Amino acid sequence: MTDFDQIRALWTAQPVEPFTLSVDQLRKRAGKFQARIRQRNITEYLAALLVIGVFGWMAWLIPVFTVKAGALLIILGALYVCWKLHRIAGQGAGQQADNTARLLDHHRTELLRQRDALASVWRWYLAPFVPGSVLFVAGVNFSPDTGLPFLAGLASFAVSMAIMTGVFAAIIWLNNRAVNQLDAEIAELDRVWNEGAA
């Protein structure tokens with residue numbers, strides 16, 4: 001028997017304490033999760049306000065039609081994202097149940113709801129910004145007022161699109177990571193529940 005086998009044998013021979021999750025622990029855990037969701041949503045709403053203010057100001061100030069149209073589409077995209085965020089990923093109602101099963105079920109449902117919202121973020125969070133962003137960047141790069149030759153404008157447009165694609169890819173990656181963390185938490189809750197039921 002190798003040293004590793006001896007260590008593993010000692011480890012597996014230890015008495016296993018049954019892992020339980022009390023109502024208070026579960027309520028605390030669910031409360032922390034809801035606080036994180038509330039903080040995230042407030043940040044997103046403030047970011048949307050900033051986007052609306054900045055692009056509204058640009059639409060007012062810049063006389064190029066395509067830039068104005070792009071800025072207005074971006075504002076509409078931000079409003080749509082706020083609506084979807086509130087609708088599909090808004091903060092859930094608190095759960096005051098003193099029954100572990102009901103509290104666990106409520107928390108698990110909230111985790112699943114947030115997980116599904118994050119898994120589809122490309123569709124409801126990023127896609128609404130694409131038409132306005134493309135139009136806005138095209139208006140900025142191909143406007144005769146810039147004085148850029150067509151090829152230079154095209155190169156600048158391509159670089160801007162590449163940066164935007166990179167930012168979108170990073171947002172999708174971060175959200176996929178969060179989805180994996182939520183999946184792990186859901187699996188842990190399921191395991192605790194199954195062990196408690198056994």
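Among the contacts in the protein chain with a separation of 6 or more, 78% come from residues 24 or more positions apart, a contact being defined by heavy atoms within 4.5 Å. The model is predicted, so that local features need pLDDT of at least 70 and side-chain atom pairs count only at pLDDT 80 or more, while totals for chains, interfaces and linings use all residues. Residues are numbered from 1 along each chain as its sequence is written, and side-chain values use heavy atoms, with hydrogens and water left out.

The protein chain holds seven helices and zero strands, where helices (H or I, at least four residues) and strands (E, at least two) are DSSP runs numbered from the N terminus. Two totals describe its surface and burial, with buried meaning under 20% relative accessible area (1.4 Å probe, protein chains only) and accessible areas taken from the Shrake-Rupley method with a 1.4 Å probe.

| Property of the protein chain | Value |
|---|---|
| Buried residues | 32% of 198 residues |
| Accessible surface | about 12,700 Å², 67% of it from carbon and sulfur atoms |

Helix H2 (residues 23-61) packs against helix H3 (residues 65-89) at an angle of about 165°, with the axes 8 Å apart; axes are lines fitted to C-alpha atoms, for helices over the stretch in contact, and angles run from 0 to 180 degrees between N-to-C directions. This angle makes H2 roughly antiparallel to H3, a term for angles over 145 degrees. Residues of H2 that take part in the contact include Tyr45, Phe55 and Trp60, and among those of H3 are Leu72, Cys82 and His86.

Notes. Parallel < 35°, antiparallel > 145°, perpendicular 65-115°, else oblique. Buried < 20%, exposed > 50% of the residue type's maximum accessible area, 1.4 Å probe, protein only.
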